[in-house]
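This briefing covers the pockets of one protein model and the residues that line them.

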Amino acid sequence: MQNPTYDASALTGYGANPLDRLANHRDDPAFVARLREAQTVRHVVFTGDIPLLRQRGAALDPFFGARDLAALGSARETVLLGQDDAGAIFATLLEEAAPESGEGDTGLVSLDLRSLAVQGLLPAPLLGVMAQAKSILHWHARHRFCAQCGAATQASSGGWKRLCAACSAQHFPRTDPVVIMLVTDGDTCLVGRQPRFNPGMYSALAGFIEPGETVEAAVRREVAEEAGVRVGAVAYHASQPWPFPASLMIGCFAQALSREIVVDTTELEDARWISRTEVQAMFAGAHPGGLIAPAPIAIAHHLMRAFAEAREPGF
Ligand SMILES: [Zn+2]
């Protein structure tokens, strides 16, 4: 039997997040203010969509204390992310661009969240915290006006809501669900490549879930659209927060009911069936045709690895 604490989602890039989000306390402004004024408060800081970090020796430190934060400039938005054993963590979006990295000896580094993950520059739990911060700050920056009446809105509930004083509408941060699926047929699986992928990289197919659609229906529709393959059973594997800007990747295995591929060239450059042996060779960096697997931060990597190791799917 599987270890009850095993969490496939926590193994994905941005999937580990140790914070208690304190969701039951957000509506208490005095509680949020107390956390924000505590000596131990830490802020992760963004200018636009880019995190700001400090170089400390060979490591990057994403945390700024209250005084350090004040020295960076004024805050446009501040959101309570949650707390860990060391205290509360807030996400702060600066009003102005902070000093550029490389300008003098500021010790500051601006580096996008994808590079931080791909280059392994932060421990996995901190990547999860930064992903949470990026997605919620991105939402605030683009929802400053009421979608119902057009008046300016104000952040509330520790930054997890925006309120419109003019029409009383409440606006909540959005998460956009995406299905990403490895279609299998016995010992083969269906992979595709988009033109923007690194040369040789093949991955699982993916697409946004539409309003009114189930996960299963979205999997079947996307696979039919992109590769012309019919799909039967769909089984959930794991999920992954994907902060570009605020997606939730829902990773599934899907059982093929047909094999003929018709590639939608507006979405994909190529799609093909490959064997389990070939997927194993991709992970070993030894595929005879030069095919390369997605990076470990991607949930597609974990879907393909589970298939390569014959751990899943059950069908
Ligand atoms: Zn309004």
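In this predicted model, the lining of the largest pocket is made up by class of 21 nonpolar, seven polar and five charged residues. That pocket has a volume of about 890 Å³. The second largest pocket has a volume of about 400 Å³, and Arg 21, Gln 132, Ser 135, Thr 175 and Pro 241 are the closest to its centre among the 20 residues that line it.

**Largest pocket**

- The lining consists of 33 residues, and those nearest the centre of the largest pocket are Arg 114, Arg 196, Phe 197, Met 201 and Trp 242.
- Two helices, helix 3 (113–118) and helix 7 (299–308), each supply at least two residues of this lining.
- At least two residues each also come from strand 10 (176–185), strand 12 (205–208), strand 13 (231–242) and strand 14 (247–256).
- Strand 12 gives the largest share of the lining of the largest pocket, with four residues.

**Second largest pocket**

- The second largest pocket has a volume of about 400 Å³, and helix 4 (124–142), strand 13 and strand 14 are the elements that give two or more residues to its lining.
- Helix 4 provides five residues, the largest share of the lining of the second largest pocket.
- Sorted by class, the residues lining the second largest pocket are 11 nonpolar, seven polar and two charged.

**Position relative to the domains**

- The second largest pocket lies between domain 1 (8–142) and domain 3 (176–308), because both domains give residues to its lining.

Notes: Residues numbered from 1 in each chain as written. Predicted model: local features only at pLDDT ≥ 70, side-chain atom pairs only at ≥ 80, totals over all residues. Heavy atoms only, no water. 1 Å grid on protein atoms, 1.4 Å probe; cavity = no way out; pocket = protein on both sides within 12 Å on 5 of 7 lines; lining within 4 Å. Points joined across faces, edges and corners; volume = space filled by probe spheres on them. Nonpolar A, V, L, I, M, F, W, Y, C, P; charged D, E, K, R; others polar. Domains from an automatic or database assignment.
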